[in-house]
Every structure is written in structure tokens, then in C-alpha cells.
Amino acid sequence: MADTLVDAVAAIAAEAGRLAMARWSDDFSRWEKSPGNPVSDIDLEVDALLRARLFALDPEAGWLSEETADNADRLACRRLWVVDPIDGTRDYLRGRPGWAVSIALVDQGLPVIGVLDAPARGEVWRATIGQGATRNGAAVRASARTEFAGARVPNDALPSKDSDLVLVDKPNSIALRIAMVAADEADLVATLRWGFEWDIAAAALIAMEAGASVTDAFGAPLAFNTPSAQAFGLLATAPAIHGAAVARLADRAKILVQTPA
């Protein structure tokens, strides 16, 4: 049953990815939902397609999407679809490939299925809880790195206090950056801000099923289908360096954390 369900979710993600690719070169409308938070009418079209298809697949599940107004009714649902129609919208709008359709099915607060469809990169990432993670059908596994110094980080730049780390290519999609940790293409992804569940649910499962450690910025387990649908920060790391990453970020996390809006 689990394989059948993840196959169905992946087929829906692929359909959404094809829609986004078909419209990629169009003269579509774009605007900012808030300063620095772009969106386009393609995001909304993909969101509508996903909502229709995923509700047909499991009509009893709740719904949480970046492009749909939140509804507290989801909190009473055992299962929840957690969706980012186009994660990495900035790259999509700029004609860059670092974006993906992200779908997770959460059951009792835990992601149990995660799919990322990144058609501009020719990548399909899949995970089912307890069954490992794949990219394009091949199993992926997180890095076995044991030393924090030299860890690969997908970012544009590093602060001076992190000069012992190594920059690697950064897609705009946070989900794809987490997936890089799953595939041993990065050792560390860290954010120090309030982030939404739809950004990370699918990728967190993919990384964990690949053996990575995935927590909030303080090293605590992530929870999903929470009232705020937010957590402070994210750490996805090679498992042996997770403690060092938590220690490195501790002071900065304490300074930056605040009550979510």
C-alpha cells in the first residue's frame, strides 16, 4: 500500500511539475506577498492542481499549503497534505533550475511520504517512512563526514566565523538544499529564522530516510501540523557532525529566536 501511495503522489507531483515547466517561459503575472516574498500566478495554478489531485487521493486528509489560506480545521485531522507548489520561486522567476514541487503526507505529526519533483533539474526525490530515500530511483545516503571543519554548505556566502566551512552550489529551494544533504552533495544546511512546515516537510523525510540528522536550530525534533505551522530554524546534517552544528549555532540561535508572527 505504501509503495502504491508514494507512486500516486509522485505521479501528481510530476503532473504539477509539467504544468510549471510548460508555463516557465510564459508572460505570467508576479507580485510580492510581503517584502522579499515573491509569488506568481503559476504558483497558484499549481496549488489548485495539487489540491484537486491530492484530495481525490485522500479526501479525509487536511491541507496546508504556502499558497492557500490556512484553516485551523486541519489540526483535527490525523493526516495532512503539506505542500509547496513551487519551492524556490525566486529561481523559477529568474529562469534558474533550483526549484521543485514539494509534497508531504503527514500522519499524526510525522511525515510518512515525501516527494520532490524538480523537472528543470531532471530530479525526482522520493521517501516513505522506514523504506529509505531515492533520487531518480537510485538510493541516496547522507555523508559519513565526522569533522565539522570542511563541511560542505550550499550557500551564497559564509560569515567570517564560519570560514572553516566549504561553499557548494545553492539552489533557491530550501527543499533541494536539504535533499543535497540526503545525497551526500552537502554536509550541512542551517537556517536561523522562523520557517514554515511546507518548506521542509517532504525534504526532511527524504534526508532522514537517507540517514541525515534533521532538527530545528536548537537540535530538537521537528513537529508537523502544529498550530503555527512554523519552527525556529532547521539543521540538516551528516549525522556525525550534528552536535557540532548545534553547538556552533547555539549563541546565534538564542539571539535570533523570537515569538513567531
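In this predicted model, the lining of the largest cavity draws at least two residues from each of strand S12 (188–196), helix H5 and strand S14 (230–237). The contribution of S12, four residues, is the most that any element gives to this lining. The residues lining the largest cavity are Ile174, Thr191, Arg193, Gly195, Phe196, Asp199, Ile200, Ala231, Gly233 and Leu234. The volume of the largest cavity is about 100 Å³, and the count of cavities of 30 Å³ or more comes to one.

The largest pocket holds about 920 Å³ of space. It is lined by 41 residues, of which Asn172, Ile174, Arg177, Thr191 and Arg193 are the closest to its centre. Ile174, Thr191 and Arg193 are named both in the lining of the largest cavity and among the residues closest to the centre of the largest pocket.

The sheet is considered next. Seven strands form an open sheet in the order S3-S4-S5-S6-S7-S8-S9, and their pairing is mixed. The edges are taken by strand S3 (62–65) and strand S9 (138–139); each has a single partner strand, so one side of each lacks a neighbour in the sheet. Within the sheet, S4 and S5 run antiparallel and are joined by seven bridges. One of the bridge pairs places valine 83 with isoleucine 103 in S5. S5 and S6 form a hairpin with two residues between them. In the turn, glutamine 108 has a positive phi of about 50°.

Strand S5 is mostly covered, with eight of its eight residues buried. In a regular strand, side chains alternate between the two faces of the sheet. Both faces of S5 are covered: one side carries Ala100, Ser102, Ala104 and Val106, the other Val101, Ile103, Leu105 and Asp107, and all are buried.

Helix H4 (residues 174–182) lies across strand S4 (79–87), S5, S6 and strand S7 (123–128), and runs at about 105° to S6. Helix H5 (residues 197–209) lies across S3, S4, S5, S6, S7 and strand S8 (133–135), at about 100° to S6. H5 is also one of the elements that supply at least two residues to the lining of the largest cavity.

Threonine 89 was examined individually. This residue is located in helix H3 (residues 89–94). Its relative accessible area is 8%; threonine 89 is therefore buried, the limit being under 20%. Leaving aside residues up to four places away in sequence, threonine 89 touches Pro38, Val39, Asp43 and Asn172. With aspartate 43 there is a polar contact between the two side chains, at 3.0 Å. Asn172, another of the residues touched by threonine 89, is among the residues closest to the centre of the largest pocket. The C-alpha atom of threonine 89 is separated by 8.7 Å from that of alanine 100, eleven residues apart along the chain. Alanine 100 is itself one of the buried residues of S5.

Conventions
Residues numbered from 1 in each chain as written. Predicted model: local features only at pLDDT ≥ 70, side-chain atom pairs only at ≥ 80, totals over all residues. Heavy atoms only, no water. Buried < 20%, exposed > 50% of the residue type's maximum accessible area, 1.4 Å probe, protein only. Contact = heavy atoms within 4.5 Å. Polar contact = N/O pair within 3.5 Å; in protein donor to acceptor, adjacent residues only side chain to side chain. Pairing = 2+ DSSP bridges. Axes fitted to C-alpha atoms, helices over the stretch in contact; angles between N-to-C directions. 1 Å grid on protein atoms, 1.4 Å probe; cavity = no way out; pocket = protein on both sides within 12 Å on 5 of 7 lines; lining within 4 Å. Points joined across faces, edges and corners; volume = space filled by probe spheres on them.
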